[in-house]
Amino acid sequence: MENKVAFENDLNLKDTELRLGLPGREEEEQKALVSCKNNKRPLSEASEDCGTKGSKESAPPAKAKIVGWPPIRSYRKNSLQESDASGIYVKVSMDGAPYLRKIDLKVYNGYSELLKALENMFKLTIGQYNEREGYKGSEFAPTYEDKDGDWMLVGDVPWDMFMTSCKRLRIMKGSEARGLGCGV
Amino acid sequence: MPRIAYAFPDEVLEHVFSFIHSDQDRNAISLVCKSWYEIERWCRRSIFVGNCYAVSPVMVVKRFPKLRSISLKGKPHFADFNLVPEDWGGYACPWIEAMASAYPWLEEIRLKRMVLTDESLELISKSFKNFQVLVLSSCEGFSTDGLAAIAANCRNLRELDLRESEVEDLSGHWLSQFPDSFTSLVSLNISCLGSEVSTCALERLLAGCPNLQSLRLNRAVPLEKLVNLLGRSPNLVELGTGAYTSEMQPDVFSDLSRAFVGCKQLKSLSGFWDAMPYYLPAVYPISSRLTSLNLSYATTESPYLVKLVSECRNLQRLWVMDYIEDSGLEALAVSCKDLRELRVFPSDPFGLEPNVALTERGLVSVSEGCPELQSVLYFCRQMSNAALVTIARNRPNMTRFRLCIIEPRKPDYLTLQPLDAGFGAIVEHCKNLRRLSLSGLLTDRVFEYIGSYGKKLEMLSVAFAGDSDLGLHYVLSGCDNLRKLEVRDCPFGDKALLANAAKLETMRSLWMSSCNVSFGACKLLGQKMPRLNVEVIIDERGPPDSMPESCLVEKLYIYRTVAGPRMDMPGFVWRYTGP
């Protein structure tokens, strides 16, 4: 049970996208061993999983390996994957929010639709983009990390260029936000 | 002494029986006396066989010589989640063959989770002169060639529904096999087909069939084509779109909207693959007509989603992805007072962290705002006893409640307690509950509640729950109307199973996988209960008789039958056969 508590408190997802071991998983492995006298899921398999989880990418899928769980029909799973393949999915973080979101840039017509969607998603007002002054007057400023790793203000470049160069979005809040666009 | 039983001639009794349609009533009639049994069996027109192995085709044909309609179900429900190996069984062929010779006037065949071949489809198309309805739900084993035979030969076909079947898609040309003179189609569901169908053939078909009421297209039908198709089927009541996405073109948008409006009977929409937010508002003009909306393939977030749903004031059924979030469900609760069924599917089922703001709160809102809500399927990542108790108190009229908390064994997120009390409240307050699926952290306690209160429960699904055999015992001994029980990854074992062996003959089936049942118990059960098939699905360790009796079986499927051991068991299914 302690493992569960630790998991619940550990919600600082912005900083901890990496998971090395899964809380409670060890406990589940033990239960599995006890309930299955002739163990079909040998310990070696489990340790192999844990051992190789050095990279960011491979940590999350380990938990998905329970056959038939969650109980979703395969044609549903397939339709989720297929739409992923064609979209341009980027993570969106907002300062102060407990978890990240993900959006598909492909479905938006342009900046105004994107901003409307972000406003709706996070329940805030970003307002109008101004070439000289950015999002002046708003408490929030949408920024994005581009291919070079630089943080840019959303709206500066043409939409198509933005779609291909945007790696992730971050909605800045407060004074940091107001600082942007004032003749930086 | 007057022989009252012979006061009515058979013809009169038969006439009276012709008004009785429900299977249960018909079964009851047949038990009154021998002559009623005889009269009834000659005039029964329709039967439902919930487990195709419970009885043999020969027995059915012998008892009911004049059937017009048959429904059969094959594989266990957990086959939907890949827990049943390939080639397990559920073959329709012996049934089709038996019926082809016995029922030349058969009109309707409905199969669920069965394996059907092209040869069988061809046999159907040639054997039944007045064949009208073919519904293949979650079936497999056939290709579009088989469908071509149906199209070419079934002159009076009214319904062709392939819902969620796996079809080997050789080409879309099978649709062209419907002859030009074909006019009888009322319902067509090809939503499961992968490849393109000829839109020409579709258009021709629709033009020829003025009575078409239900049309569910597959993903490959582009949005632009949808407009043309809608124009040709103005009497549609149900529509399943294809891919609901395209280049953003205002004229396509307005044409689409106009086409929706033009179908004045349109009440139900589904499809919406890859739904582009731009095109969702095309539905707004007809939203108040809609009673059923399936947006569970609309895998994109959009504020238009919530707006659309809130405009459908007369909605009775909503299937949607968790992109709707708690706020969307709150809006639903305010707008859709006639909602009867809600299903919320996960957009990121394997992600470890929540990707959307959908929690127990959404379901609680709907339970508060929608007085007619009876049927729920809800995937979420957190739940509390308090929420479940509230839901139970709000909706005592609930009949189907399926909750899937994505992480196995997750406790009440507020108190960190098991969810026993919450689910207990559900079974206690919802006195007409017929179907229940459990999830989250649960002890034997919840099963005690289910056994005590779940008197109308017919189907129960359990995963990663319970502490001991007691759980299974409570359910088997307490749930008087239990027909189907499916269990996975629970510490349920021999004692409870053997103590309740007699109960198993009153149920359709029991599935247990990754539990604590030993091979010895299976053998004993098979010995003592000849009217049960106790089938062990063998894993890589080898057949059960090669192992000590204390060894645990991985997968077990028990069902009652009057047909004895089935003849088509694959090598990996073992059944006790003798001392």
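UniProt positions are given here in the numbering used for this model, with shortened feature names, and annotations may be inferred rather than shown by experiment.

**Ground rules.** I am working with a predicted model, where local features need pLDDT of at least 70 and side-chain atom pairs count only at pLDDT 80 or more, while totals for chains, interfaces and linings use all residues. Residues are numbered from 1 along each chain as its sequence is written, chains are lettered from A and ligands numbered from 1 in the order in which they are written, and side-chain values use heavy atoms, without hydrogens and water.

**Entry 1: the annotated stretch.** I looked up chain B in UniProt, and the unreviewed entry puts "domain: F-box" at residues 8-49. Over that stretch I noted 62% helix and 10% strand, with the end C-alpha atoms 31 Å apart. Helices (H or I, at least four residues) and strands (E, at least two) are DSSP runs, numbered from the N terminus.

**Entry 2: a sheet in chain A.** Next I followed an open sheet of five strands in chain A, ordered β2-β1-β5-β3-β4 with mixed pairing. Two strands pair if DSSP finds at least two bridges between them. Strands β2 (101-104) and β4 (151-153) of chain A are at the edges with a single partner each, so one side of each has no neighbour in the sheet. I traced β1 (residues 89-94) of chain A along β2(A): they pair in the antiparallel sense over four bridges. There, A:Lys91 has A:Lys102 as its bridge partner.

**Entry 3: a strand in chain B.** Is β20 (residues 509-513) of chain B buried or exposed? Five of its five residues are buried, so β20(B) is largely enclosed by the rest of the structure. Buried means under 20% relative accessible area, exposed over 50%, and partly exposed in between (1.4 Å probe, protein chains only). I saw B:Ser509, B:Trp511 and B:Ser513 pointing one way from β20(B), and B:Leu510 and B:Met512 the other way.

Then I checked the partners of β20(B). Strand β19 (residues 484-488) of chain B pairs with β20(B) in the parallel sense over five bridges, and B:Lys484 stands opposite B:Ser509. Strand β22 (residues 555-560) of chain B pairs with β20(B) in the antiparallel sense, also over five bridges, and B:Ser513 has B:Lys555 as its bridge partner.

**Entry 4: two helices.** I finished with α15 (residues 420-429) and α16 (residues 444-453) of chain B, which pack at about 5° with their axes 9 Å apart. Axes are lines fitted to C-alpha atoms, for helices over the stretch in contact (heavy atoms within 4.5 Å), and angles run from 0 to 180 degrees between N-to-C directions.
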